[in-house]
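Hi everyone, thanks for coming. I'd like to walk you through one structure today, so let me put it on the screen.

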Amino acid sequence: MARGPENRDRRERRDRGGDDRGDSDIVEKLVYINRVAATVKGGRRFSFAALMVVGDQKGRVGYGHGKAREVPEAIRKATEEAKKSMIRVPLRESRTLHHDGHGRWGAGKIMMRAAPPGTGIIAGGPMRAVLEALGVQDVVGKRMGSSNPYNMVRATFDALKRQDSPRSVASRRSIKVSTLQSRRVGGDAEASAD
């Protein structure tokens with residue numbers, strides 16, 4: 001008998017969107033929509049594929065792909081998948097990346113660089129959508145190779161997954177963050193003295 005209410009609560013949580021984190025501050029961006037025609041006996045049957053990017057503009061971002069007979073349904077499916085696949089990316093001063101990054105997916109290659117305040121987002125199309133949803137304000141990005149939006153989004157996520165914060169590097173090396181940053185500053189000063 002105790003199982004009934006637990007299952008009902010679990011179903012209600014799933015229907016609300018899985019977890020109790022607030023989805024109100026999530027930004028949704030439609031990156032690409034594709035119309036696909038299947039030839040059948042009576043003519044053509046159209047369906048739609050949507051590529052969506054979602055993020056909270058505070059360091060979490062995800063992407064999803066959805067297919068359906070109607071555009072709104074495809075967008076809904078893609079958005080749900082994107083919310084499930086969100087990743088956290090460390091940002092410097094909640095404004096830019098900690099270091100330069102390179103990403104690759106298939107023939108799509110991208111390069112991203114941290115930028116000084118006031119630069120803005122200098123990136124095109126799908127990469128811009130990902131960075132805006134992530135909450136980055138100053139970054140320079142460049143696409144090389146394929147311009148396929150799916151490959152560009154996946155290559156951007158490949159580069160973002162490789163981002164490291166000084167705190168995580170220091171914990172891996174079992175040293176203090178201040179020691180790590182003083183070494184970097186000291187290394188720059190020694191290099192300029194030569």
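Let's start with Tyr-150, which at 16% relative accessibility counts as buried, because the cut-off for buried is under 20%. Keep in mind that this is a predicted model.

Who is the partner of Tyr-150? Searching the whole structure turns up 2 aromatic pairs. In one of them, the ring centres of Tyr-32 and Tyr-150 are 6.0 Å apart and the planes stand at 85 degrees, so this pair is edge-to-face. Tyr-32 sits in strand β1 and Tyr-150 in helix α4, so the contact ties together parts 118 residues apart in sequence. Tyr-32 itself, at 32% relative accessibility, counts as partly exposed.

Now the other pair, Tyr-63 with Phe-157: here the rings are tilted, with 4.8 Å from centre to centre and 55 degrees between the planes. This one also links distant parts of the chain, since Tyr-63 belongs to strand β3 and Phe-157 to helix α4, 94 residues apart. Is Phe-157 buried or exposed? At 2% relative accessibility, Phe-157 counts as buried, while Tyr-63 at 22% counts as partly exposed.

On to the sheet. There are 4 strands in an open sheet, ordered β5-β6-β8-β7, with mixed pairing. Its edge strands are β5, residues 101-105, and β7, residues 121-122, each of which pairs on one side only. And here α4 comes back: this helix, residues 149-161, packs on the sheet and touches β5, β6 and β8. For those of you who like angles, the direction of α4 makes about 140 degrees with that of β5. As for β7, 2 bridges join this strand to β8, residues 139-145, and the two run parallel. Within that pairing, Ile-121 stands opposite Val-139 in β8.

My last stop is helix α2, residues 71-84. Its 14 residues reach 20 Å from the first C-alpha to the last, close to the 20 Å expected at 1.5 Å a residue. Which residues of α2 are buried? They are Ala-74, Ala-78, Thr-79 and Ala-82. Looking down the axis of α2, you find these buried residues within an arc of 135 degrees, so they line one face of the helix. As a reminder, an α-helix has 3.6 residues a turn, so residues three or four places apart point the same way. The cover over the buried residues of α2 includes β1, β2 and β3.

Technical notes:
Residues numbered from 1 in each chain as written. Predicted model: local features only at pLDDT ≥ 70, side-chain atom pairs only at ≥ 80, totals over all residues. Heavy atoms only, no water. Pairing = 2+ DSSP bridges. Contact = heavy atoms within 4.5 Å. Axes fitted to C-alpha atoms, helices over the stretch in contact; angles between N-to-C directions. Expected span 1.5 Å × (residues − 1). Buried < 20%, exposed > 50% of the residue type's maximum accessible area, 1.4 Å probe, protein only. Arc of directions from axis to C-beta. Phe/Tyr/Trp six-rings, centres within 6.5 Å; stacked < 30°, edge-to-face > 60°.
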